[in-house]
Amino acid sequence: MGQKLSLVAALFGLPLIGLTYLVVSKQQSTITTLRLASKAVPYLTAATDLQEQLQQYARAAILKQNLAPLAAKVEKSLSAYASTVNNEALYADGGQLNKVQTAWKTLRSGAASMSPTEVVNQSFKIAASILIPGITKVSTDTGLELDTQPDSYFLQTYLVNYLPAIQLQMSEAQLVAIQNASGSSRRDNAAKVTALVDAMQSFIAETENRYASVASSNPALKATLDPNFQAMKKDSAVYLAALRAFASGLSVPNIDALAQKSVGSTGTFASSSLTSLDSILAQRNNDERRQQLLELLSVAALVVLAYALLVIIARAITLPLSQLAFAARRVARGDLETQVPVTTRDEVGTVSTAFNTAVSQLRENEVRNVQERQEAARLQSNVGEFLDVTMDIAEGDLTKRGKVTEDVLGNVVDSINLMTEELGQVLKGVQRASLSITGGSVDMLNTTTDIQAGAELTANEAQNVARQVQSVIVQIREMAQNAQASADSARQALQASQQGQQAVEGTLEGMQNIRREVQGVSRRIKGLGDRSLEIQDIVNTISQIASQTNLLALNAAIEAAGAGEAGSRFAIVADEVRKLADNSAQATARIASLIRSVQTEIQDVILSVEDGTREVEQGYRVAGTAGERLREIGQLTQQSAQLAESISSATQMQVQGMEQVGSAVQEIASIADRSSESVERGRQAAVQLQDLATQMNVGLARFRLPG
């Protein structure tokens, strides 16, 4: 029962486990999403730093400064960027890392010889075509842009969409201004700077709006980021004003320093924003893990509580059932005094009450069973006494009578006593009839013995006469059969002579056909001999060709050996041709030998066929002579057959007369035999009757009859 309750508890626990699994799975999905989004922060940091170092390197290249220290910084930033891309498996498709590395190698190797415009274009290509699209794609691939929390969402929005573009445009404007100082066209640079200023002003405004949303949703972030944001805002405003003055044609001697300061403050704000975003994501990840742990602990506590309640309920159910099972085992061993305490009014209490009632009824039944066993013992004793009486009756003492009791056996004993009495009276009558039958059977046996002696004498005499008549009939029949056999032999001899004559004629015709066939075979065999001679000529020709081929192959091998290395392959071919010629010569020799054997055998066959032809001619003449002699024998045999037929007819008439006499004598003998058999059967019946009466007297002698 406890196992069944545990199984029921387990079944009820399955939905709870499933619900827990769904909650934990959802929580784990959120944690996985946050972990994936956190991977974007190192990439944004590395990409932003690489972009800044590339712009500093381009500035130094335009100003013709020492590039080695800045190149080392770019290499370091590029290594950090490559490590982030490879370790986090971000933005690795399309070979973007290879593109960055290739573009950097091009810029580094040609920076000293490039014009300012080429330096600006190459550095801008790396940032605008590779790094900034990479930042956007990583934000999409990691799910950072799908964040549902307001503070982190707006943070990643201006970090991904605006700040990298602002930094790029500030650096590009700075490089354009420096490029102008190097002697480039001011008109083209002024137009480009104006466009960059308009774009920067728009991006800064969007960044300010996103930052305001971050500050309103998370006041703690405002306290951290506000100083850096205000510094970026102030420095960018001064820098934009200087760029407008530059675009209008005014001279701004400190525009490079303003650009450096603005780019630096923007980078500081971006770095602090990235740090805050990383902290927010890490904090949310920790919160989700704690929430997952709390949920698991809650489920575990609920399971423990449910298990405790299950144990209490199970004990409340299984304890009375255990008592009931223990009592049932005692009852099974025969202890009918067992009672189960009834402590509840539920189904278990009802079962316990019913169990106690059943035990009480079993005790009453046991008392009745004891009484029935005593009565059965008395009945068994009476049955034993009655069996003794029936054994005496079965042994033939019909004077014995059973004791009539008051139980159910008394009626049976009374009926058997009455049957025994009547059986004794019947056996008395049978005994008297048996004595009477014995006397009658003796008289009948004496009479049948006399009758049997006379019948046997008559039958013997009739049998003697019948045997004599039968002997005469047999002799006459043998004479008739001999005459008939003689006539049959004459007819068969006549038929045989006629068939022999026909066979001789057929033999003559067949031997004539054989003679023609043998002559044809002889002609064909001679033709085969002529064909074998022609084949011999062909084989001789093939043998000569093989000899010539062998000689040519040998000459070719000699020439190939003289040609040196150039003739080695031809020597191999010549050797193969020589081997083929040898094989052909051997084959033709074998064919010639076979043809000679065939020719010899053909000559032997021709001689045998000619001898057979002569023997067929001689047999034909002998068969003709035998046919003439058979015709003469047929005529003599026909005359003998006619005489034998006459003798057979006369003998058959004598046999018919004697058979009629034999039939009459045989009928007399049959009547005598039947009479003797009838008397014998009567005598046997008398003997059997006497034996039966004797057996009946012996059987009745074993009974003791009353009276």
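Start with the contacts across the whole protein chain of this predicted model. Of the contacts with a separation of 6 or more, 79% are between residues 24 or more positions apart. Switch to a surface display. The accessible surface of the protein chain is about 41600 Å², and carbon and sulfur atoms hold 58% of that. Buried residues account for 33% of the 707 residues.

**The H2 and H5 pair**

Select residues 40–62, helix H2, together with residues 116–141, helix H5. Two packed helices are described by the angle between their axes and the distance between the axes. Here the axes come within 10 Å and cross at roughly 175 degrees. H2 is therefore roughly antiparallel to H5, since an angle over 145 degrees counts as such. Show side chains at the contact: on H2, pick residues including Ala 40, Leu 44, Ala 47, Gln 51, Ala 58 and Ile 62. On H5, the contact residues include Pro 116, Val 120, Ser 123, Ala 127, Gly 134 and Val 138. Which classes do the residues of the contact of H2 with H5 divide into? There are 18 nonpolar and 4 polar residues, and no charged ones.

**Val 74 in H3**

Move to residues 68–88, helix H3, and centre on Val 74. Is Val 74 buried or exposed? Its relative accessible area is 1%, so Val 74 is buried, the limit being under 20%. Leaving aside residues up to four places away in sequence, Val 74 touches Leu 50, Gln 53, Leu 54, Tyr 57 and Trp 104. Of these, Leu 50 and Leu 54 also belong to the H2 side of the contact with H5. For a distance label, take Gln 51: Val 74 and Gln 51 are 23 residues apart in sequence, with their C-alpha atoms 8.9 Å apart.

**H4, by way of Trp 104**

Follow the contact from Val 74 to Trp 104 and select helix H4, residues 96–110. H4 has 15 residues and reaches 21 Å from first C-alpha to last, close to the 21 Å expected at 1.5 Å a residue. Trp 104 is among the buried residues of H4, along with Gln 96, Leu 97, Val 100, Ala 103, Leu 107 and Gly 110.

**H6**

Finish on helix H6, residues 150–161. Its 12 residues reach 16 Å between the first and last C-alpha, close to the 16 Å expected at 1.5 Å a residue.

Definitions and conventions: Residues are numbered from 1 along each chain as its sequence is written. This is a predicted model: local features need pLDDT of at least 70, side-chain atom pairs count only at pLDDT 80 or more; totals for chains, interfaces and linings use all residues. Side-chain values use heavy atoms; hydrogens and water are left out. Buried means under 20% relative accessible area, exposed over 50%, partly exposed in between (1.4 Å probe, protein chains only). Contact means heavy atoms within 4.5 Å. Accessible areas come from the Shrake-Rupley method with a 1.4 Å probe; for residues, only the protein chains shown count as cover. Helices (H or I, at least four residues) and strands (E, at least two) are DSSP runs, numbered from the N terminus. The expected span of a helix is 1.5 Å times one less than its number of residues. Axes are lines fitted to C-alpha atoms, for helices over the stretch in contact, and angles run from 0 to 180 degrees between N-to-C directions. Angles under 35 degrees count as roughly parallel, over 145 as roughly antiparallel, 65 to 115 as roughly perpendicular and the rest as oblique. Ala, Val, Leu, Ile, Met, Phe, Trp, Tyr, Cys and Pro count as nonpolar, Asp, Glu, Lys and Arg as charged, and the others, Gly among them, as polar.
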